[in-house]
Amino acid sequence: MIDKTFIFICLKDFFRNKKKLSKIFFTFFLSLFVFSSVLVLESSIKQELNKSSVMLLGGDFEITSGKNPIQKVILEKIKKNFQISEIIEFNTIIRNESESLPIRVKAFDENYPLVGELKITPEKVMKNNENNIYVNKNTGFILDLKINQKVKIQDTFFVVSGFIEDLPDLNNFFSYGDFALIQKKSMNSLDLNNLGSFLQHKYKVVKNQKNDQSLKNLLKEEKNLKIRSSNDLNEQLSKNSNNFIFFLSIVSICSLLISGIGLYNSLLSFINSNRLQISIYKSLGISKFRVKVLMIFQIILMLVFSSLFSYLLSILTVNNLNKIFDTDLFSSKYKFSFFQYFAILSLSLIILMTFLFPITKLLDKFNISDLLKKNRQNLEFSFDKHSILICSFFLTIFISITSIISSKTYETFLIFIFFIICLVLFFYFSKFQNYLIYFLNTNNITLRIIKKNIKNFSNFNSIISISMGVGFSIVFFIFISSSSINSQINKSMLNFAPDYFFVGIQKEDYKKFKYAINELDENAKNKIVKISSARVTKINDLAVEKIISKQNDSFWFINGERRISWQEKIPENNYLTKGKWWDKESKNLQLSIDDKVAHNFKLNLGDKLTLNIAGRNVVGEIINFRKVDYTDMTINFAILINPQYGNKIPFEHLASIKFSENKKINLKGLIDSFPNITYFDLRIIVKKTNDFLNKVFLGGGLISSFVIFIGLLVVCSSFKLIESFKNYQNMIFKILGLKPKHIIRILLIEVFLISIPIIVSSLLLSTVVSYVFINYIIGFEWHYPATTILLISLTFLISLTTVIFISNFKNLTKNTYSQLRRL
Amino acid sequence: MGYLFSLKNISLHYMLKQEKINILNNISLKIKKNERVSIIGESGSGKTSLLMIMAGLQRASGGLMTFENYNFTKISEEQIIEIRKSKIGMIFQDFYLLPNYSALENVMFPLEINKLINPKKKAIAILEELGLGKKINNLPSELSGGEQQRVAIARSISFNPEIILADEPTGNLDAKNSSIVIKILFDYSKRYQKSLVLVTHDENLAKKSDKIIKIKDGEIEDND
Ligand SMILES: Nc1ncnc2c1ncn2[C@@H]1O[C@H](COP(=O)(O)OP(=O)(O)OP(=O)(O)O)[C@@H](O)[C@H]1O
Ligand SMILES: [Mg+2]
């Protein structure tokens with residue numbers, strides 16, 4: 001049936017058809033480009049985000065064993081399968097001849113750092129035979145340290161060998177302010193027993209490439225070990241990045257659907273432009289089957305070309321995005337992966353298969369006698385039952401495959417349901433529109449022509465309505481969701497995080513301290529609160545040790561002294577989840593407790609906590625729970641008490657200061673004049689966190705605006721489908737005496753009549769769906785960017801108007817007769 | 001007596017790959033009101049091209065043409081369209097009916113855009129006269145070639161134009177229908193004292209007209 005000569009004919013026909021093919025190649029290409037770039041972007045961003053979070057942790061995993069090291073046997077077991085670096089952290093005092101400073105020290109082994117880079121100035125000059133120390137710049141600055149100068153920890157001398165510019169595993173290590181690094185062997189000369197309760201053994205672990213045995217599985221017997229993976233970095237960050245990655249996969253599905261619309265429309269217009277040729281082939285005796293093969297052959301050949309082309313181009317684009325946006329969010333060494341290309345090709349093939357059957361069925365309708373008679377009449381392509389059945393079959397396969405592949409099968413499936421509902425909804429919507437038009441009775445010739453057009457082209461209009469409706473719903477959905485996600489990320493950006501915390505400001509120093517800060521930088525933002533400390537001893541008269549186990553996630557709450565504070569108003573970044581703010585009449589102790597602790601301890605309003613404040617036991621009543629976000633790095637307390645009570649107990653002050661940007665601050669004077677005050681430097685971690693969030697923010701914005709842009713283009717191009725038919729009709733209008741501007745006016749009113757209700761209804765639909773998606777699936781706050789949506793819709797309408805105006809104006813003002821001959 | 005159409009040294013040429021192809025050369029002719037003119041000539045001699053120039057659907061490459069008092073070679077296309085709308089009726093070799101409009105709607109269209117009264121009644125009357133009374137609601141695709149041609153003729157005379165430019169209006173018709181169509185066109189022209197330009201291959205038919213213009217290779221050969 002298919003011999004060599006036939007293949008030859010196919011190929012020849014393909015190349016002879018290049019003009020028609022090139023016209024639809026653009027839509028084909030665009031559709032596949034959006035899909036493949038989103039795929040490439042997605043995996044590139046995933047790679048880089050993963051790198052970033054691994055970097056923040058200092059490995060794929062971190063094992064903490066507390067005061068004691070992990071047993072040798074277990075360590076060997078881990079070493080077999082993983083790369084590991086051992087670290088000991090402790091708090092201590094570092095001294096030079098005259099001064100001292102509390103710091104956090106990290107002792108590292110020869111494997112450190114497993115990931116990322118330790119940046120020291122001047123570059124590494126550690127000598128093997130000595131106890132070396134690297135200090136952070138601030139410590140060097142306060143103690144006025146020089147390279148090779150000696151400092152003391154306990155009674156051991158250390159040689160200052162460099163200043164730390166940057167280190168990879170800052171996460172968690174930061175909260176202690178100033179820090180230093182020493183080699184692990186130097187630990188031998190220190191008295192470990194005197195290093196206090198903050199001593200911790202930590203193990204950074206990196207997966208071996210060949211081995212993917214799960215670490216958690218390996219250590220599931222070891223109940224004392226705490227394992228953190230780079231995925232559960234810090235709650236807020238990981239929530240952000242996980243949701244973001246999920247969002248990316250949603251976007252890629254959406255882009256796939258948009259590709260589907262684009263493919264379908266360009267297929268239709270391709271078949272349509274080949275109508276005459278197909279009829280002639282048939283009249284020359286080429287069988288139906290061969291004609292179909294001929295067409296399918298060309299379509300598939302084009303699919304292969306355009307998908308390859310778009311995939312290559314998207315790799316090229318992604319590899320250059322870093323330069324364009326001056327970031328390191330995107331991998332700049334993204335390589336052609338045959339597997340990925342194959343995935344793109346086969347997914348688009350499945351989409352193609354979905355439409356191919358009903359479209360090739362159209363071919364049966366083309367024959368020369370019919371064509372001559374029906375000359376310029378519309379292509380009729382209503383789907384029959386058989387076609388719908390086959391379409392649904394392929395669609396089901398497609399949905400199942402993509403849902404199963406996706407990491408969130410259930411949610412992905414829901415997105416498809418949304419898509420199908422859109423499809424059906426807009427199909428009936430267009431029917432309804434046509435129905436309404438039917439009742440439009442008017443003597444105005446313009447309106448009558450429009451009515452006639454809408455009625456005559458109702459087939460096309462359904463396709464346009466569905467394309468537009470689904471396209472817009474997807475575009476708006478992506479837009480609203482991405483701006484909700486972005487506004488959330490923006491909120492978690494540490495824009496208001498202070499540079500320093502100052503602890504231990506005595507009552508009598510308060511005014512002097514405030515004055516001193518003002519002297520340093522009069523624009524510094526400071527927040528000073530009164531603090532005291534307390535220990536929770538009993539809950540509802542039961543000793544805490546008896547009722548709260550060490551395994552409880554909020555064990556820290558009862559473990560030792562807690563700082564407490566009191567404020568007249570609810571702190572800005574907290575909000576009440578239950579209960580009321582202070583009862584000002586009462587003189588008794590009232591408590592406001594961290595909502596999460598309350599949850600973990602199963603506390604209720606009205607429960608009584610016994611606090612040991614300055615040696616005295618007092619019973620307080622819980623009157624509210626507060627949502628506290630510790631990750632914003634502003635001052636936060638798990639326990640707040642009522643001011644009436646607080647002002648009666650001994651207290652000191654805690655200050656958080658944010659100095660003006662670009663201002664060089666010399667803290668030395670301040671520290672010297674307040675010997676009791678300790679301070680923590682937060683700047684590096686704030687910067688790291690913000691960089692990370694910035695990446696997510698930029699990536700989300702970029703990828704969704706890209707999909708939106710192409711989505712609009714694809715929707716716009718669906719109007720092209722109808723144009724060739726209208727061209728002919730418009731030409732006759734012109735012969736009969738309608739002016740070009742009148743004709744264009746007709747076209748435009750028609751487009752507006754069709755598109756505005758669709759834009760409005762898809763906006764409504766996507767608003768509802770994105771609300772559900774953001775609130776219930778992602779769990780973020782929903783944010784509605786009304787003005788931008790208006791702007792997008794207007795821009796779309798304006799560009800559509802321009803496109804229609806330009807393309808028709810050109811046709812209508814050309815020499816009519818030669819145009820007629822060409823049609 | 002005033003001339004309706006006056007063409008002076010009209011020429012038309014196309015550029016095909018740098019090469020100039022002359023289609024019409026030095027065409028000069030005049031058409032009076034209430035005059036019936038036939039244009040005959042071999043296939044490819046340029047008859048349709050000439051008609052298109054007269055209808056303002058094609059700009060001449062050179063020469064001068066006036067219709068009534070309008071200088072067609074000078075005025076804007078918008079103005080030409082406005083004139084054509086109410087004064088020039090066209091019948092094309094390929095009919096050019098509106099594909100999705102029924103026979104009736106096709107005939108009504110010029111009446112409506114000219115804002116004439118009772119468009120439907122008039123259109124039905126003309127279609128009935130042309131023997132299409134039973135097919136008024138058929139789409140062009142549901143009509144035979146001859147029927148389509150008659151719809152095109154009905155459309156061209158429906159709005160009472162000053163002149164009808166007919167490009168082989170009997171090309172697709174049998175002898176009986178041909179004579180009906182020709183009779184209608186000539187009757188119309190005579191009854192309303194309107195002009196008629198008829199492109200045809202049929203010498204006998206041409207003889208019915210007041211004047212015959214013979215075109216050969218883009219030039220007027222015989223003008224009597
Ligand atoms: N756009 C064009 N480019 C080049 N040549 C053209 C173009 N349009 C028409 N011609 C040529 O002009 C010549 C006249 O064409 P026209 O249609 O006027 O002939 P005609 O006399 O109406 O013929 P027929 O009786 O077959 O209808 C033809 O030879 C044709 O090839
Ligand atoms: Mg001709």
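Q: What do buried, exposed and partly exposed stand for here?
A: Buried is under 20% relative accessible area, exposed is over 50%, and partly exposed is in between (1.4 Å probe, protein chains only).

Q: And where do the numbers come from?
A: This is a predicted model, in which local features need pLDDT of at least 70 and side-chain atom pairs count only at pLDDT 80 or more, while totals for chains, interfaces and linings use all residues. Residues are numbered from 1 along each chain, chains are lettered from A and ligands numbered from 1 in the order written, and side-chain values use heavy atoms, without hydrogens and water.

Q: Which residues coordinate the magnesium ion, ligand 2?
A: Thr48(B) through OG1 and Gln93(B) through OE1, at 1.8 to 2.5 Å. Donors are N, O and S atoms within 2.8 Å of the metal (3.2 Å for Na, K and Ca); water is not among the atoms, so the site may look incomplete.

Q: Where in chain B do Thr48(B) and Gln93(B) sit?
A: Thr48(B) is in helix 1 (residues 47–55), and Gln93(B) is in the loop between strand 6 (88–91) and helix 3 (103–113), 45 residues apart. Helices (H or I, at least four residues) and strands (E, at least two) are DSSP runs, numbered from the N terminus.

Q: Is Thr48(B) buried or exposed?
A: Thr48(B) is buried, at 15% relative accessible area. Gln93(B) is partly exposed, at 35%.

Q: Which helix gives the largest share?
A: Helix 22 of chain A, with four residues. The lining includes Leu747(A), Glu750(A), Val751(A) and Ile754(A).

Q: What lines the second largest cavity?
A: Residues of chains A and B, among them Ile735(A), Leu736(A), Arg84(B) and Phe159(B). Strand 6 of chain B gives the most, three residues.

Q: How far is Cys391(A) from the nearest cysteine sulfur?
A: The sulfur of Cys422(A) is the nearest, 18 Å away. Cys391(A) is buried, at 12%.

Notes: 1 Å grid on protein atoms, 1.4 Å probe; cavity = no way out; pocket = protein on both sides within 12 Å on 5 of 7 lines; lining within 4 Å. Disulfide = S-S within 2.5 Å.
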